Amino acid sequence: MRTWAKGIACGAFLLGCSVAALGQDVAAEADQYLTAWTQQGRFSGAVLIAKGDKVLLRKGYGMANYELNVANTPEMVFRIGSITKSFTALGILQLEEKGLLSVNDPVAKYVPEVPITIHQLLCHKSGIPDFINAKAYQDFADPRHVENAIREYADKPLVNEPGAVLRYSNSGYILLGRVIEKLSGKSYEEYITENILKPAGMTHTAVDHWAPLAPGRASGYRWDGETVIRAPYDEPDHPWAAGALRSTVDDMYRFDRVLKAGTLFSKAITDKAWTGYGHWTAPPPFPFEANYGYGWMIGEDFGHRYVGHGGWVNGFVSQFTRYPDDDAVVIVLWNFETANNMVLPHDLAAILFGAPHEKPLTRPIVHPAAETLARYVGEYQVGPMKLQITLRNNRLYAFSAGQPVPYGLIAVSDTEFYCNDAPTGIRFVVDEKGMANQIALKIGDKELTAVRVVEKAGN
């Protein structure tokens, strides 16, 4: 009996050693990968990778404030944008579990101006126009600014038949925030804080405001080609229930642990949140698609099921991806706007699961002559997408529908370019005169051909 027990103990010890070694390998490879991105100037933020209760990597990279030369640490606070939607959806499902609503209820029970269901808001199938930029919505001093904005858009037709198409909508989640307020008798901020953030121990997570000060809050940036610039100012609470939260990697890991434990949200709630009700495909240049539940995206990476969400808000992007069957999580918070917010966490998941991934490359940067760059200016077409190439201050910029801003192109030769902002490579196919009538466009692992649009005579 003692020999058998010793064998079991020895096996457990060896298994523990192998798990620890695996964790060290993941941490070392992920850190090497992230350091390479940081040295290229393409990553700035904080990362946490964990498996179960073991944190494999927890580290800050790049700068929290470039002007003051303040480095990022894991304790830094970042805006997390649309990850807020996951919290809003869970808040709605908490109210349903208490019997205060049904997701099949018409929203008009709570916000009379809206003739659609809560379910359609939760899974982005409402068809409502995006009123977040309405003049009335900007008047936060008016307690009915949401309803006023809806009335401003009242004469506009629905974008599509309710329930027919998944069309991602920030306005839909703003309405869900109003439903939470009407049923709870509390502000959205009070409800989320008291019913989710505090019980989860997320003491550094809150609806973001410029005042009061938030200790450790990182500043937000953008790229302008090779140059780092400050992101434009906006009120951080403007996106409200659709994207106003700030957080840290540690707090997001606490959120992951609460979801794993099932102590704050019942299995009935998470099962409903993590059921796909439609399929979402990101616009170019994002090489990403997923099923959409209630405030959560659902899919598979390398054969491993995930649930999670990303965020994009002035100067910040984020990605929170849980792998429930593996009890693993990858959390990446940037203080840079970049479409690489989908590529980099995907590569970290590849490292976590021992799958192939693209290694960061050191690219030599060159500066072609202005007359060379001028030959590439114009409009190019690839399928339904039009790509506009412009020249400003001896720099090329690329813009297509769905981008928040034009992406600055960085040259590695007279014809080949890449973006710090996106997982996109561009090669201009030139004729004997150096003119480009085609672009070889690489988006993720896809290669496409864009053809110059030639204006007809007389136009």
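Guide: Start with the residues that touch. From helix α4, the contact takes in H145, V146, E147 and I150. On the α5 side, their partners are I174, L175, R178 and K182. By class, the residues of this contact split into 4 nonpolar, 1 polar and 3 charged. Keep in mind that this is a predicted model.

Now the geometry. Helix α4 covers residues 145-152, and helix α5 covers residues 170-184. Their axes come within 10 Å. They cross at roughly 135°. Angles over 145 degrees would count as roughly antiparallel, and 65 to 115 as roughly perpendicular. The α4 and α5 pair is therefore oblique. The crossing of these two helices is left-handed.

Is D208 buried or exposed? Its relative accessibility is 1%. The cut-off for buried is under 20%, so D208 counts as buried.

Two arginines make polar contacts with the D208 side chain. The side chain of R217 joins that of D208 at 2.5 Å. The side chain of R246 makes its polar contact with the D208 side chain at 2.8 Å.

Setting aside neighbours within four places in sequence, D208 is in contact with R79, R217, P236, D237, A244 and R246.

Note on methods. Residues are numbered from 1 along each chain as its sequence is written. This is a predicted model: local features need pLDDT of at least 70, side-chain atom pairs count only at pLDDT 80 or more; totals for chains, interfaces and linings use all residues. Side-chain values use heavy atoms; hydrogens and water are left out. Axes are lines fitted to C-alpha atoms, for helices over the stretch in contact, and angles run from 0 to 180 degrees between N-to-C directions. Helices (H or I, at least four residues) and strands (E, at least two) are DSSP runs, numbered from the N terminus. Angles under 35 degrees count as roughly parallel, over 145 as roughly antiparallel, 65 to 115 as roughly perpendicular and the rest as oblique. A crossing is left-handed if the near helix is turned anticlockwise from the far one by less than a right angle, and right-handed if clockwise. Contact means heavy atoms within 4.5 Å. Ala, Val, Leu, Ile, Met, Phe, Trp, Tyr, Cys and Pro count as nonpolar, Asp, Glu, Lys and Arg as charged, and the others, Gly among them, as polar. Buried means under 20% relative accessible area, exposed over 50%, partly exposed in between (1.4 Å probe, protein chains only). A polar contact is a pair of N or O atoms within 3.5 Å; within protein, one must be able to donate a hydrogen and the other to accept it, and residues adjacent in sequence count only if both atoms are side-chain atoms.
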